[in-house]
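Visitor: I would like to learn how to read a model like this one. Could you walk me through a few features?

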Amino acid sequence: MSATTAAAVGLARRRANYARRYWVFAVPAAVVVVAVIIFPWLFTVFMSLHEWDPSHGLSWVGLSNYATLLSDTRFGWAVLRTLYFSVLSVGAPLILGVAAAVCFNQRFPLRGVARTIFILPMMATPVAIALVWSMMFHPQLGVLNYILTSLGLPPSTWTYAANTVIPTLAMVETWQWTPLVMLIVLGGLASLPQDPYEAARIDGASGWQSFRHITLPLLWPFIIVAAVIRTIDALKSFDVIYVITQGGPGTASETMNIFLYQEAFAYYKLGYASAVTLVFFALIVVISLVMLKLRQREKWQ
Amino acid sequence: MIRRRTILQGSAGLLAMPAIVSRANAASSFDWKQFKGQHIEVSLTKNPRSDVLQKHQKEFEAMTGISVGSEQIPEQQQRPKAALEMASGHPSFDVLMVSLHVSKRLFGSAHWLEDMRPYLANPQLTAPDYDFADIGAGAVKTATQADGRMDSLPLNPDLWIIFWNKAIFKAAGLAYPSSMDELLTTARHLTDKKTGTYGFVGRGLKNANLPVYTSWLLGQDQLTVTPDGKKLLTDTPEAIWAADFYAKTMRECAPPGSIGFNWNECQTSFAQGKIGMWLDGVGFSAPLIDPKASKIVHDVGFAVVPKGPKAQHSASFVDSMGIPASSKKKGAAYLYCQWATSKKIMGEILRTGSGTPARLSVYTDPNVVKDNKFGKEWLQAVMDSQKISAPGLPEIIPVTEFRDTFGVALTNMISGADPAKEMKRATAEFQPILDKSNAG
């Protein structure tokens, strides 16, 4: 046995001893995790196998809640709408956020002030801004239609029609969360090496070419991180939709979260709602894993 | 010979005198102090009635010696909170403001609330001047469960009326309609899309829109469910007539986007002076006469919903006060309910324009009526509506699901779907849900 391996074994043993002797310190954290994450999760699984109506109590139904879910068209539409809403409210902030980051990476007067103003929407409370937006969307009295008609454009129905409601809600999300993408990407830009740009300039590359072939590939890892964060946020988005439309008109903006809330707290079908939660949970886990896998592959070497 | 003990006995008797006197008074009047020193928690829904209750809470505390903690929560959040807490068996409140139009059957079938009848019959607990008979019969009927228990005391029926813009009517040379058919022709006449004037506005948003529909259906003298709560009546010719009426008024006479309107969008539109008529709860009157919020302070009229083909009714939605059966301070809680539904508090609610209380006497009490800010026409509309009030929603457990299912059907009609087809589809969809809730 060489000296180095002996030392390594000794180090490993000492580490193992640490773990054995100081497990007590991990107990409080473990208790908290069990109490607030693991127990509620297991309880949700338990509830999803029961029919639980608050006025009549629990009754065992096995997997029938899941079977009902499969044939529930309202649930199916809610899943599709969630995906539609998520694609829009991840895609738009990503494109705009990268563009904004590239802009704010240039030097220009009052850049600090402009950056601060740009990230203000992110700091606002979602419920409060949702109320403000819903006033602006009012088809007769809202300021948005006033602006459109003043410019000679036809008024829009915004959140007051089935075909425009989801893009409009995605617009609110985009307005609020583009700054987050911008911040992440801006951090990425600051860390990029300068040499490739110099080489490209010497070779006569245009601004667009160096963006397309140098900046963008080097930024991918950061963009993927932003995309993962945005995707999770978009999938679980509730407050803005609930405040502005409550899932309406009709059920035109009823995403999985709104559906879940209705089933649990308006219809008191707690068992069924628990089954929806678990399906939703599985969906988020799968999507996040796919995105993280993408990130691994794109990892900046 | 005077002994020390005799003196002591005598003075003890003297000291006890005030207690005996107050006990004697209690027998002749009423002992509000019987639960002195207790603390109760009150869960209220957010509305102007609750503001009045909280404003006068100190008076209750001084009168009874009971300390009160009260909280207002928006109705849509308070309902599930209350239901889940009562299901757990340990609610955090001793008094609950109940929205009977949604929670009546759920609370009733689960026996979560105390039956108020024994309390009312007990002279130890109910003050002689409470006068239960003064509370409107319609509201009492709404508060009474199918098995005869009355598990809450009615506080406030919100009545649906028509708000109308007199200036628009005058400019068009029209009078307030005397029937529903006339309402439709009038609304069509007033609608001028070029100038952005619309004859009618009502809630289009799913769930919220149901009372607009039931208001028209009540004109056919029909409810949405049979009296036993078992069979839907939503595909009868009368029900389809009402759906068609709803679709016509909303499609032809209401502003674009009304499919997403709840009461607040309707209110802001109406207050801007471009709408002829608005059908909604009388509880939304106050901002219309507030110069800061309304352009039609002097033009707004308040009127009873016109008569339909068969009857004239005003859809009503009753709030009441109840006590959880698991509360440990039921006596103190009952005193609070009694005080909250007393002549004094209900008078205060009407005087300040905070609601339309269930007691009839307050509407003729000169002290209350004299400085009512809404004026005579409003009072008249409220009194007339009170007399013809009928429940605006079915008395079934899955009310919210009912509202959503039929609410979606109604929004589809505004977008152009056929009323008969939509009502039949929604009826077929909802009947199994109703059957299941009745079986459970």
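Predicted model: local features only at pLDDT ≥ 70, side-chain atom pairs only at ≥ 80, totals over all residues.

Visitor: How many helices and strands does chain A have?

Guide: Helices (H or I, at least four residues) and strands (E, at least two) are DSSP runs, numbered from the N terminus. Chain A has 13 helices and 2 strands.

Visitor: What is the radius of gyration of chain A?

Guide: The radius is taken over C-alpha atoms, and the globule rule is 2.2 Å times the number of residues to the power 0.38. For 301 residues, a compact globule would come near 19 Å, but chain A has 25 Å. Along the principal axes, the C-alpha atoms of chain A fill a box of roughly 75 × 70 × 30 Å.

Visitor: How many residues of chain A touch chain B?

Guide: Two residues are in contact if their C-beta atoms, placed from the backbone, lie within 7 Å. Here 22 residues of chain A meet 27 residues of chain B.

Visitor: Is S99(B) buried or exposed?

Guide: A residue is buried if 20 or more other C-beta atoms lie within 10 Å of its own, exposed if 12 or fewer, and partly exposed in between. S99(B) is buried, because 23 other C-beta atoms lie within 10 Å. S99(B) sits in strand β3 of chain B, residues 95-99. Leaving out residues up to four places away in sequence, S99(B) touches T45(B), E75(B), R79(B) and D319(B).

Visitor: And how do I read a helix pair?

Guide: Two packed helices are described by the angle between their axes and the distance between the axes. Axes are lines fitted to C-alpha atoms, for helices over the stretch in contact, and angles run from 0 to 180 degrees between N-to-C directions. In chain B, α11 (residues 237-253) and α18 (residues 419-439) pack at about 125°, with axes 9 Å apart. That angle makes α11(B) oblique to α18(B); angles under 35 degrees count as roughly parallel, over 145 as roughly antiparallel, 65 to 115 as roughly perpendicular and the rest as oblique.

Visitor: Which residues make the contact?

Guide: From α11(B) come A239(B), I240(B), A243(B), D244(B) and A247(B), and from α18(B) come P419(B), A420(B), E422(B) and M423(B).

Methods. Residues numbered from 1 in each chain as written. Chains lettered and ligands numbered in written order.
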